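The following note reviews a single protein model, point by point. Please read it alongside the sequence and the coordinates.

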Amino acid sequence: MKAAIIVKNAIRCKHCGDVIESKSVHDYIACSCGACAVDGGRHYLRRCGNPDDCEELSEYKEVEITPKYKVGDVVTFDYFGNVIKGTIQVIDTFPNSTIIECDILEPKEPRLYKHILESQIISKI
Ligand SMILES: [Zn+2]
């Protein structure tokens, strides 16, 4: 499966012409005229100001990732110290990351556990 990650978080201000780039998650950069600003680094694209005032220059990269499990697998996973058994319903990635997460249905209650990290899964049954 593919995941898209941010490799560049930048805009050009249409008023002053400044190209501004946020390089880390708390790197808030405003242009010299103050019309727009960027933030979020490679974690997320945060924009301040009117979207019409800036030209988007951000770049994404697609990466191929291979989940260890598949939809329908019955697994046990660690949930705050409890071992829970369920069936994987959805496999996805967090936005802008290659970290795999699953939604897992525990059939007895029943309860859907969402955003379980692949690293929380103990074993396939
Ligand atoms: Zn500006």
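1. Strand S1 (residues 2-8) pairs with S8 in the antiparallel sense, over six bridges. Within this pairing, Val-63 of S8 is the bridge partner of Ala-3. Strand S8 covers residues 59-64, and the count of buried residues among its six residues is zero, so to speak hardly covered. Strands here are DSSP runs of E with at least two residues, helices are runs of H or I with at least four, and both are numbered from the N terminus. Two strands count as paired if DSSP finds at least two bridges between them.

2. On provenance, this is a predicted model, in which local features need pLDDT of at least 70 and side-chain atom pairs count only at pLDDT 80 or more, whereas totals for chains, interfaces and linings use all residues. Residues are numbered from 1 along each chain as its sequence is written.

3. The secondary structure of the protein consists of 13 strands and zero helices. The radius of gyration is 20 Å, well over the 14 Å that the globule rule gives for 125 residues, so the protein is more spread out than a compact globule. That radius is taken over C-alpha atoms, and the rule is 2.2 Å times the number of residues to the power 0.38. Along the principal axes, the C-alpha trace spans about 60 × 25 × 20 Å.

4. Burial is assigned from C-beta atoms placed from the backbone: a residue is buried if 20 or more other C-beta atoms lie within 10 Å of its own, exposed if 12 or fewer, and partly exposed in between. By this criterion, 14% of the 125 residues of the protein count as buried. Contacts are defined by C-beta atoms, again placed from the backbone, that lie within 7 Å of each other. Of the contacts with a separation of 6 or more, 44% are between residues 24 or more positions apart.

5. The domain assignment gives domain 1 (2-63) and domain 2 (67-124); such bounds come from an automatic or database domain assignment. The C-alpha centres of the two domains lie 33 Å apart. Six residues from domain 1 and four residues from domain 2 take part in the contact. On the side of domain 1 that touches domain 2, S1 gives the most, with three residues. The residues of that side divide into five nonpolar, one polar and no charged. In this classification Ala, Val, Leu, Ile, Met, Phe, Trp, Tyr, Cys and Pro are nonpolar, Asp, Glu, Lys and Arg are charged, and the others, Gly among them, are polar.

6. An open sheet of three strands has the order S3-S2-S7, with antiparallel pairing. Strand S3 (19-21) and strand S7 (54-56) stand at the edges with a single partner strand each, so one side of each is left without a neighbour in the sheet. From one strand to the next, the twist averages 30°, where axes are lines fitted to C-alpha atoms (for helices, over the stretch in contact) and angles run from 0 to 180 degrees between N-to-C directions. Strand S2 (residues 10-13) is joined to S3 by three bridges.

7. Ile-11 lies in strand S2, and its bridge partner in S3 is Ile-20. Ile-11 counts as buried because it has 25 C-beta neighbours inside 10 Å. Its C-alpha atom and that of Leu-57, 46 residues apart along the chain, are separated by 4.9 Å. Not counting residues up to four places away in sequence, Ile-11 touches several residues, including Cys-36, Val-38 and Cys-54.

8. Val-75, found in strand S9, is buried, with 21 other C-beta atoms within 10 Å. Beyond residues up to four places away in sequence, Val-75 touches, among others, Tyr-69, Ile-88, Ile-104 and Ile-121.

9. A cis peptide bond joins Glu-109 and Pro-110, with omega about -15°; Pro-110 is placed in the loop between strand S11 (100-106) and strand S12 (111-117). Phe-80, in the loop between strand S9 (74-79) and strand S10 (82-93), has a positive phi near 50° although it is a residue other than glycine. His-115 in strand S12 likewise has a positive phi, near 60°. Phe-80 counts as exposed, with 6 C-beta neighbours inside 10 Å, and His-115 counts as exposed with 12.

Terms used. Contact = placed C-beta atoms within 7 Å.
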